Amino acid sequence: MSVSKLHVPAVPARPGERPDFSYVRLSAAGEVARPAPDVAVADTAPLAESLVRVLDDSGQAVGPWNPKLAPEQLLTGLRLMLLTRLFDERMQRTQRQGRITFYVRSLGEEAVSVAAAMALAERDMLFPSYRNQGLHVARGMSLVDLMCQLLSNSHDMCRGRQLPVMYHSVPHRLFSISGNLATQFPQAVGWAMAAAIKGESDIAAAWIGEGSTAAADFHHALTFAKVYRAPVILNIVNNQWAISTFQGYAGGEQRSFAARGPGIGLAGLRVDGNDFLAVHAATAWAAERARSGHGATVLELVTYRAGAHSTSDDPSRYRSREEVEQWPLGDPIARLAQHLEREGVWDEERHAALVAELEQHVAAAWREAISHGTLTEGPKLDPALMFEDVFKELPAHLREQRDELLAEISASE
Amino acid sequence: MPTMNMVQALNSAMDVMLQRDPRVVVLGEDVGYFGGVFRVTDGLQKKHGAHRVLDTPIAEGGIVGTSVGMCANGLRPVAEIQFADYIYPAYDQIVSEVARLRYRSAAAFTAPLTIRTPCGGGIRGGQTHSQSPEGVFAHVSGIKTVMPSNPHDAKGMLIAAIEDDDPVIFFEPKRIYNGPFDGEPDKPAESWVGHPSAEVPEGYYTVPLGQAAITRAGSALSVITYGTMVHVCLAAVQALGLDAEVVDVRSMMPLDIDTIAASVSKTGRCLIVHEATRFGGFGAELSASIQERCFWHLEAPIMRVAGWDTPYPHAFEWEYFPGKRRVMNALRKLMAEAV
């Protein structure tokens, strides 16, 4: 008699074990074909299982996906990725010093956000997850504004109501980040449906972690995007780890996340997420496809979460410390710098000078941000703000509750 | 003035708003070509086009999630959840997104969304077509929760909900879609024809959200109720010949506690009636709020008549439904109580 046996996905390397990335299927740089952006969905199925790459191991840009960007654009990309990383590093330190309560770095994933933001039009609407600060940096939000949100201080755009990193900006077309996973995915589709209903040319783009693709909202998003051919790019950032849970637990074993696209009737592309040029080219391709009425693309960006999930976990407790050094797709900043050096427009000296300049920029922004207060010092938000923005107008019961609190505060002073 | 039932009145509200405001879109399961399982969206797609009246996949979380995105892109979606019993897959989008978006983004983004959904029992729908979940939405800060009890209010309140810059959960008591119901299932079904509240203007008008209505004036006691139970309570009061004041709450959030408290302060006796289960139900909020304001006027303890705290049973519909007899018993008991 045969009995069934529960399959438990294997984890490549727990602490103390030898890292094993043999499960990451690679294509050689330049190997994958680039069809026209209006290609039939079925013809993207092979693309969803290959890996679009432009930069080879020597830093040369090769193959049909090479976006052939001007050196100034590449230098801007490098600068924005570095700025994102240095901002992250500084904010991580301030969290360790107790100045902010919580932080999420995007270490190793900077190309995913920065290259995408640069490939999209300014008017396109972005629905980030909490690890896409490269979008905010690339769209030109001021570091001071981002830091004030992190500090919940008197200049906080969220008026003290949200955890750090849950930014938003109407002028920069960045939707309000939720702490709830995957909720932004159908919202981006709805935004894109509205653009189509109104007959506009703007598109939407959303980002989700591979772990969150298990949530129902992910499937709602793909279904609605397929049904209405919504002009949207649905990015799955496969950074291999959802806190301590390996990507195999989200269904990544022997099947790419990009393949969910063709599976449901949407184009799918699997892309080297640490290759700035590949991310730029794939995003531009998907944007052209969406804008020309050919519908959504599910874009899997294969990358590695080089740091902890957040300041609340220690990854050495659940994965091998050596993994990060052995990750086969390297580091996005080092790879773009290598390419620029090869092109003769960059060198170590200029790199060091840029790092120093950006570090100063971050430090100056921090000094300005804390002049608006921190959670514990300096100017504070008025606690009465707690009752505002629940509704457009302050209702009577909240006015009563606010007055009760204010009376309580003034009695204790 | 034309006579309309609630279905026609709600249809007219959406028709008027689709005509008047290009930002309004209607979406939901079966709402387009078919016109909705209760016919509430009948003809709207044909008249306004498939780009403004959308049939959707069967995914309530997707309907509400995409509606939030449409709001962020300047539209005013009116989403239908086919039965209130099916709203729970969208609960995360409603509670964590719709209700919180304005607050978390300090009003940079908002969700002026209306979610229409038929609720309540009395149609032999069993536990999956009979629920009254208004309490679990009224409890959530950041959404308005309303329920009309007649065609005139239904149209005016739905237009007000669509125009409201805050999200509104709009409950439609489906037992009274086609006629008032006094809680006696064996009597022939009544029609709205001839009912004063079935006189409905053809064009645009609003009934503001957040205002209770005195449906019947009286001085002996106050009956605080809403939805289908307004009609059951009126019948019960009439059968006993009581000089009762019947207050139709209409809006759970914002709650017109002033009108309700003024009535109870005047009469000194209060019966709260709803179809939803009793424990932790909206009646508990009403009771607490009334007690806080009217304690020194009360001549008897506040009483509640509600659904039993069980799932809605198919076979025992009329044993479950808080009908006329149960309300009459409570009224007698309340009048006999003395401090």
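A residue counts as buried if 20 or more other C-beta atoms lie within 10 Å of its own, exposed if 12 or fewer, and partly exposed in between, with C-beta atoms placed from the backbone. With that in hand, welcome to strand E4 (residues 114-119) of chain B, where six of six residues are buried. This is a predicted model, in which local features need pLDDT of at least 70 and side-chain atom pairs count only at pLDDT 80 or more, while totals for chains, interfaces and linings use all residues. Residues are numbered from 1 along each chain as its sequence is written, and chains are lettered from A and ligands numbered from 1 in the order in which they are written.

**Chain B overall**

- Chain B holds 12 helices and 12 strands (DSSP runs numbered from the N terminus: H or I of at least four residues, E of at least two).
- Of the 339 residues in chain B, 60% are buried.

**Strand E4 and its neighbours**

- On one side of E4(B) sit B:Thr114, B:Arg116 and B:Pro118, on the other B:Ile115, B:Thr117 and B:Cys119, and all are buried.
- Strand E3 (residues 76-80) of chain B pairs with E4(B) in the parallel sense over three bridges (pairing takes at least two DSSP bridges), and B:Glu80 stands opposite B:Arg116.
- E4(B) also pairs in the parallel sense with strand E6 (residues 168-173) of chain B, over six bridges; here B:Thr117 stands opposite B:Phe171.
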